[in-house]
Amino acid sequence: MELYDYQESAVSGLRASYAAGFDAPLLVLPTGGGKTVCFTYMTSRAAEKGLRVLLLAHRKELISQISAALGGWDVEHGIISPSSAPSNHPVQVAMAQTLARRIPLDKTGRFRFDLVIIDEAHHATKDSTWGKILKHNAGARLLGVSATPCRLDGKGLGVAADGFFDDIVVGPSVQELIDRGRLARPVVYAPDKQADLSGVNKRGGDYVTGQLAARMDQAALTGDAVEHYRTHCGGAPAIAFTVTTEHAAHVAEDFRKAGFQAAVLTGSTPDRERAAMIRDLGRGALHVLASCNVVSEGTDIPTVTAAILLRPTASFALAMQQMGRALRVCPGKDRAIILDHAGNSLRHGLPTEPVAWSLEGVRRKAKVDLKPCYACKALIPVRSSKCPVCDRAFASARPSPPPVPGQEPMPFHRAGNLVELTPEKRAEMRRWRVQAEQNARTLDDFKVIGEALGYKPGWAKYRFEELRGARR
């Protein structure tokens with residue numbers, strides 16, 4: 001293996017941090033940016049110096065990926081997990097939960113290391129499994145890696161925020177990696193109808209699972225997800241993120257009824273079946289993998305083209321992790337499709353929006369307001385004068401009304417083309433206008449609506465100012 005230039009810069013930044021006297025830097029790289037390649041490379045250099053290195057992760061998929069990457073650097077290592085035999089290698093890849101249970105039995109110092117590396121470091125808090133392991137390895141240098149270095153509640157991971165890390169090294173942004181061709185360009189679609197989350201309480205920084213499942217596990221919402229997948233994805237490999245395992249089972253069943261190959265992946269799925277599902281999804285034998293909290297982080301399946309969001313979350317980190325599952329590049333993949341039935345992009349923004357990461361938490365620029373493109377329905381910034389997905393220019397093109405079952409599309413007023421304005425046609429125009437005004441955010445948007453309906457030029461400015469005052 002070899003490092004890309006931006007990965008070399010990240011490694012140099014970490015070395016500079018240690019040289020400056022910091023003991024616990026945190027590396028930030030977007031999902032798909034190659035965090036595993038970076039920290040396993042540093043492991044290989046540390047092993048050459050005779051240091052004992054511990055690499056921590058909390059999921060089986062991560063353990064396998066880290067082990068494979070170490071093999072790419074020719075680093076011999078052991079694995080600490082329920083199904084692995086003990087070894088005396090100076091480099092160990094450990095399931096955090098397993099190691100924490102074995103530490104009280106460590107009488108010989110076998111579980112003490114010189115360098116501890118934590119994958120998905122946003123989980124590492126002092127009162128967690130990771131905290132127990134780091135306390136046992138007091139005095140060791142630390143390296144954390146994450147695409148979203150903040151906790152569920154938005155707090156940071158620095159020592160001032162009661163975390164472990166004392167410095168931060170931030171790599172390129174999602175947009176920069178897209179421009180380099182290292183990530184796929186995301187196209188986000190959101191349905192007009194969103195689930196009503198009023199009355200759904202929060203606990204620990206996110207929605208209460210039981211209450212959330214009751215709102216999201218509905219046949220109408222799942223059916224909408226199936227039709228959006230059929231329209232926008234055409235059978236491309238997709239991961240559906242659900243609220244509960246029961247919700248995942250219902251989602252998979254509805255996809256199967258619609259003629260797609262779908263399976264459910266849960267934390268209790270046997271290893272062999274889990275590997276087969278991921279393999280089938282990667283090679284196209286499986287269309288949709290419905291998952292509850294299993295592949296939100298770390299799982300590397302580059303051929304996954306779509307992320308189907310059916311789990312609303314108040315966590316910015318979780319939302320970005322789930323969207324990031326579809327961003328990895330592979331031959332023949334020109335874009336990533338995100339079907340956001342959970343409203344997470346409206347809640348937290350697009351994955352390409354800039355974020356100023358710090359050890360204190362998320363410091364974002366103002367979230368960009370979004371609107372659906374009238375032509376292709378992709379979510380785009382409200383101030384856009386042209387859709388970056390379908391190239392539609394908003395100031396000059398006419399929007400198309402939503403289809404009405406059993407009726408022809410509504411004809412617009414055009415010079416030399418008069419149509420009969422029946423009561424039914426007026427009602428159809430009124431419905432379309434209400435929907436269009438709900439989506440409109442700028443004066444140009446209202447000019448497009450007015451032009452489409454044949455209104456006088458002054459109507460757009462009057463209506464824009466009227467609704468802007470009401471929305472305030």
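**Legends to the close-up views**

R274 is buried, at a relative accessible area of 7%. Buried means under 20% relative accessible area, exposed over 50%, and partly exposed in between, with a 1.4 Å probe and protein chains only. The model is predicted: local features need pLDDT of at least 70 and side-chain atom pairs pLDDT 80 or more, while totals for chains, interfaces and linings use all residues. Residues are numbered from 1 along each chain as its sequence is written, and side-chain values use heavy atoms, with hydrogens and water left out.

**View A. A buried salt bridge joins E61 and R274.** Their side chains meet at 2.6 Å, N to O. A salt bridge here is a side-chain nitrogen of Lys or Arg within 4 Å of a carboxyl oxygen of Asp or Glu. The pair links distant parts of the chain: E61 sits in helix α3 and R274 in helix α10, 213 residues apart. E61 is buried, with a relative accessible area of 7%. By the same rule, the count comes to ten salt bridges.

**View B. Helix α3 spans residues 60–72.** Helices (H or I, at least four residues) and strands (E, at least two) are DSSP runs, numbered from the N terminus. The 13 residues of α3 reach 19 Å from first C-alpha to last, close to the 18 Å expected. That expected span is 1.5 Å times one less than the number of residues. The buried residues of α3 are E61, L62, I63, I66, S67, A69 and L70. They pack against α2 (35–48), β2 (53–57), β3 (78–80), β4 (91–95) and α10 (271–283). Contact means heavy atoms within 4.5 Å. Just after α3, D74 takes a positive phi of about 60 degrees.

**View C. Six strands make an open, parallel sheet.** Their order is β8-β15-β14-β11-β13-β12. β8 (186–189) and β12 (262–265) stand at the edges with a single partner strand each, so one side of each has no neighbour in the sheet. Neighbouring strands are turned by 20 degrees against each other on average, direction ignored. Two strands pair if DSSP finds at least two bridges between them. β12 and β13 (288–291) pair in the parallel sense over four bridges. In β13, A290 is the bridge partner of V264. Helix α8 (219–232) packs on the sheet, touching β8, β11 (238–241), β13, β14 (306–309) and β15 (336–340). The direction of α8 makes about 155 degrees with that of β15. Axes are lines fitted to C-alpha atoms, for helices over the stretch in contact; angles run from 0 to 180 degrees between N-to-C directions.

View D. R283 is exposed, at 59% relative accessible area. D280 is partly exposed, at 22%.

View E. R463 counts as buried at 17% relative accessibility. E466 counts as partly exposed at 34%.

**View F. C373 and C390 are too far apart for a bond.** The sulfur of C373 is 3.6 Å from the closest cysteine sulfur, in C390. A disulfide is a pair of cysteine sulfur atoms within 2.5 Å. The structure holds zero disulfides. C373 is buried, at 1% relative accessibility.
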